[in-house]
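Please consult the sequence and the three-dimensional structure shown here while reading the report that follows.

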Amino acid sequence: KKALYSDSISLIQGPPGTGKTTVIKEIIQQILMQIDKLDDTSRILIVSQSHTAVDNIIEGLIEMNSGQWNIIRIGRTENISAKVEEKCTIGAIRKNLFTDIKEKSNAYIEQKNLMYKDILDKKMVERWSRIKDIQADWINRCSNLETLDYQVIKSATIIAGTCVGFLSNDFVKDLDFDYVIIDEAAKATTPELLVSIIKSKKIVLVGDQNQLPAYADQELSPIISQLTKDPKYRLFDLLFNVLPDTHKQ
């Protein structure tokens with residue numbers, strides 16, 4: 001309830017094995033129930049520093065989902081679990097959607113061709129010919145990857161990826177979100193967390209500051225590497241210490 005009804009940010013802390021992933025799935029389900037009830041267009045972003053954590057959540061949602069939620073997993077296919085890749089990647093959704101569109105379009109044309117084959121009215125035949133041309137042009141437009149991908153992403157209820165990797169899709173960069181849920185937030189650096197936080201109205205961070213801290217390459221960024229080891233500079237630790245009890249659990 002704290003996560004659902006806090007006005008801006010909430011934090012869920014717990015050691016391994018305490019059911020944090022289950023809580024995340026329940027929060028998402030409750031949000032989705034609100035979306036369905038209010039018939040609104042809220043959009044949820046799910047991120048984590050690890051691909052495995054993201055896929056664990058998505059696989060749970062797939063099992064719960066009866067088909068009414070559009071879930072898109074952003075990332076390279078080699079980093080995504082087979083179950084999630086099959087159902088939630090843009091490539092898989094694009095393929096299924098285009099196949100469905102093409103089959104329905106062809107069925108419609110075949111049905112109408114039977115109706116028009118015995119019609120002698122020249123104007124009606126010409127009009128049907130123009131309709132078929134428009135239909136063919138529409139199918140051709142749908143086959144354009146950019147056009148179709150834009151529509152797929154725009155219609156998504158849930159978009160998921162790693163803390164920074166979700167921005168690898170150009171269309172996602174332009175989206176804002178109503179909710180962002182960050183799993184394993186204590187293992188992410190502050191810049192990684194801010195990438196998704198600034199994209200959302202409501203933020204839920206889930207993690208455990210007593211586990212291994214965020215990792216930053218010592219050679220690439222010695223300053224950030226040092227800061228990630230100091231609780232005074234880790235965002236999850238800071239929020240855990242300053243947020244009121246009404247915003248954390």
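E184 counts as partly exposed because its relative accessibility is 24%, where buried means under 20% relative accessible area, exposed over 50%, and partly exposed in between, with a 1.4 Å probe and protein chains only. E184 lies in the loop between β5 (177-183) and α9; helices (H or I, at least four residues) and strands (E, at least two) are DSSP runs, numbered from the N terminus. Although E184 is not a glycine, its phi is positive, at about 50°. Most residues other than glycine have a negative phi.

S50 is in contact with E184 and with T162, leaving aside neighbours within four places in sequence; contact means heavy atoms within 4.5 Å. The loop between β2 (44-48) and α3 holds S50. With a relative accessible area of 23%, S50 is likewise partly exposed. From S50 to N79 the C-alpha to C-alpha distance is 9.6 Å, and the two are 29 residues apart in sequence.

## Basis of the model

The model is predicted: local features need pLDDT of at least 70, side-chain atom pairs count only at pLDDT 80 or more, and totals for chains, interfaces and linings use all residues. Residues are numbered from 1 along each chain as its sequence is written, and side-chain values use heavy atoms, with hydrogens and water left out.

## The chain as a whole

The protein chain contains 11 helices and six strands. Of its 249 residues, 41% are buried. Among the contacts in the chain with a separation of 6 or more, 69% join residues 24 or more positions apart.

The accessible surface comes to about 14,300 Å², and carbon and sulfur atoms account for 53% of this area. Accessible areas come from the Shrake-Rupley method with a 1.4 Å probe; for residues, only the protein chains shown count as cover.

## The second largest pocket

The second largest pocket has a volume of about 200 Å³. On a 1 Å grid over the protein atoms alone, a pocket is an open set of points with protein on both sides within 12 Å along at least five of seven lines, and lining residues have an atom within 4 Å of a point. Grid points are joined across faces, edges and corners, and a volume is the space filled by probe spheres set on the points.

Which residues lie nearest the centre of this pocket? They are K20, T21, D183, E184 and Q211, out of a lining of 13 residues. The elements that give two or more residues to this lining are α2 (20-38) and α3 (51-64). By class, the lining divides into three nonpolar, five polar and five charged residues; Ala, Val, Leu, Ile, Met, Phe, Trp, Tyr, Cys and Pro count as nonpolar, Asp, Glu, Lys and Arg as charged, and the others, Gly among them, as polar.

## Packing of the helices

Helix α2 includes I28, which is buried, with a relative accessible area of 0%. Not counting residues up to four places away in sequence, I28 touches I44, I46, I57, L61, I158 and I181. I28 and I57 are 29 residues apart in sequence, with their C-alpha atoms 9.7 Å apart in space.

In helix α11 (residues 235-242), the buried residues are L235, F236, D237 and L239. These buried residues pack against β1 (9-13), α9 (190-197) and β6 (200-207).

## Further residues

S81 is found in the loop between β3 (71-73) and α4 (82-88). Leaving aside neighbours within four places in sequence, S81 is in contact with D55 and E59. S81 and E59 are 22 residues apart in sequence and 8.9 Å apart from C-alpha to C-alpha.

Two cysteines may also be noted: C88 is buried at 3% relative accessible area, and C163 is buried at 2%. A search of the whole structure finds zero disulfides, a disulfide being a pair of cysteine sulfur atoms within 2.5 Å.

Definitions and conventions: On a 1 Å grid over the protein atoms alone, a cavity is a set of points where a 1.4 Å probe fits but cannot get out, and a pocket is an open set with protein on both sides within 12 Å along at least five of seven lines; lining residues have an atom within 4 Å of a point.
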